[in-house]
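Subject: Structure handover

Hello,

I am passing a structure on to you.

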Amino acid sequence: MTEIRNDNAPTKAEPSAGGALLKLLLEAGPLVVFFVGNAKFGIFTATAAFMVAMVAALGVSWAMTRKLPIMPLVGAVFVVIFGGLTLILQDELFIAAILAGGLVMKRPLLKPLLGAALTLDDRGWEILTRRWAIFFVVLAILNEVVWRGFSTEFWISFKLFGIMPLTLAFGIAQMPLIKRHMPPETAG
């Protein structure tokens with residue numbers, strides 16, 4: 001007798017479409033919160049929102065599965081610790097120092113933060129982390145120049161209408177690097 005089976009039915013190794021969508025939402029959702037928050041309100045508000053979103057995503061994951069996925073957990077620990085320090089110190093240079101410190105220790109810290117949403121080879125993570133560290137140093141210097149050389153009103157406008165577009169443009173400019181360093185099976 002021939003066995004009839006549905007090859008499209010989800011198996012344990014292959015989550016359902018709804019499960020895969022929820023997993024993607026829980027892993028990438030906090031990043032969306034961060035980028036939207038940064039675009040609308042600046043890096044510090046975005047950092048606070050990112051911290052909350054990471055913890056909330058872990059809470060939902062725990063409530064649904066009674067286990068915590070390791071990479072999002074590690075990412076959440078980094079986000080909460082370093083995000084908290086960033087908020088306390090209110091300095092983009094601190095973000096750059098953390099990223100640079102990770103590179104010195106041969107641990108590109110963007111990987112545990114973004115690894116759930118982005119797949120790169122090790123060299124790609126290293127280059128991307130180095131570029132963002134340099135970008136944040138440049139932002140901190142630029143912020144300092146504008147803060148000390150212009151009126152408070154101009155500085156506030158610059159934080160809103162200068163830093164956000166620069167950050168967005170820089171992020172978009174990293175797409176060729178990201179595409180070059182994606183493993184062949186994930187590259188589109």
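The notes below cover the fold, the surface and the largest pocket.

This is a predicted model, in which local features need pLDDT of at least 70 and side-chain atom pairs count only at pLDDT 80 or more, while totals for chains, interfaces and linings use all residues. Residues are numbered from 1 along each chain as its sequence is written, and side-chain values use heavy atoms, without hydrogens and water.

The chain has eight helices and zero strands (DSSP runs, H or I of at least four residues for helices and E of at least two for strands, numbered from the N terminus). Of its 188 residues, 36% are buried, meaning under 20% relative accessible area with a 1.4 Å probe, protein chains only. Among contacts (heavy atoms within 4.5 Å) with a separation of 6 or more, 63% join residues 24 or more positions apart.

The accessible surface is about 11,800 Å², and carbon and sulfur atoms hold 70% of that (Shrake-Rupley method, 1.4 Å probe; for residues, only the protein chains shown count as cover).

The largest pocket has a volume of about 820 Å³, the space filled by probe spheres set on grid points joined across faces, edges and corners. A pocket is an open set of points on a 1 Å grid over the protein atoms alone, where a 1.4 Å probe fits, with protein on both sides within 12 Å along at least five of seven lines; lining residues have an atom within 4 Å of a point. Leu 31, Phe 34, Phe 35, Leu 110 and Leu 114 are the closest to its centre among the 34 lining residues. Helices α1 (17–41) and α6 (122–149) are among those that each supply at least two residues of the lining.

Regards

Methods
Buried means under 20% relative accessible area, exposed over 50%, partly exposed in between (1.4 Å probe, protein chains only).
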